[in-house]
Amino acid sequence: MTTAVLSIGSNLGDRLALLQSAVDGLGAAVTAVSGVYETEAWGGVEQGPFLNAVLIVEDPGTDGRGWLRRAHELEQAAERVRAQRWGPRTLDVDVISCHHPGGREVRSGDPELTLPHPRAHLRGFVLTPWLAVDPQARLTVGERSCAVADLLDELAPQERAGVALTDLVLQF
């Protein structure tokens, strides 16, 4: 069974409903859902705050490319427009990491699908909800496997402080 960590975010429209559409679209593949966090936009583009969450998904027939394809399908269903890098979006679904049965991490340097996600270790809005849903989570950065808790501790205080747990809940 292939397991993946997906980061979902929205800062346009009904943000919670758009996050819920991703959970619903993945259906029975979803095994865990983090709380919903509100964060300032990342990447230097002036825009409104995001709602973010992390999903753990499993499917025996889906590999890394399959998860990416499903992510793009969810974004298309939410009418995402890719007009500006790191710009506002109805729904963003990123494949953060993917593991084969037995826990072996999928590694890919393909520009279309780089695994693990090359900037996940820099993003509090990924690490904080991931750690909340999987306290033992690990992410490969370069050639070393790191505890997500340690990566979160290494972030600048303002990056960690900018990730606020809300009372909103995603149903699965």
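**Salt bridges and buried residues**

In this predicted model, R65, D110 and E112 are linked in a network of salt bridges.

Reader: Why is the contact between R65 and D110 called a salt bridge?

Author: The closest N and O atoms of R65 and D110 are 2.3 Å apart. The cut-off is within 4 Å, from a side-chain nitrogen of Lys or Arg to a carboxyl oxygen of Asp or Glu, so the name applies. This pair links distant parts of the chain, with R65 in helix α2 and D110 in strand β6, 45 residues apart.

Reader: Are R65 and D110 buried, exposed or partly exposed, and how do you know?

Author: R65 has a relative accessible area of 37%, and D110 has 28%. Buried means under 20% and exposed over 50%, so both residues count as partly exposed.

Reader: What makes R89 and D92 buried?

Author: The relative accessible area is 8% for R89 and 13% for D92.

Reader: What does the salt bridge between D59 and R70 tie together?

Author: Here the N to O distance is 3.1 Å. D59 lies in strand β4 and R70 in helix α2, so the pair ties together parts that are 11 residues apart in sequence.

Reader: How many salt bridges does the rule give?

Author: The count comes to six.

Reader: Why is helix α3 called mostly covered?

Author: Seven of the 10 residues in helix α3 are buried. Among them are F125, L127 and W130.

Terms used:
Residues are numbered from 1 along each chain as its sequence is written. This is a predicted model: local features need pLDDT of at least 70, side-chain atom pairs count only at pLDDT 80 or more; totals for chains, interfaces and linings use all residues. Side-chain values use heavy atoms; hydrogens and water are left out. Buried means under 20% relative accessible area, exposed over 50%, partly exposed in between (1.4 Å probe, protein chains only). Helices (H or I, at least four residues) and strands (E, at least two) are DSSP runs, numbered from the N terminus.
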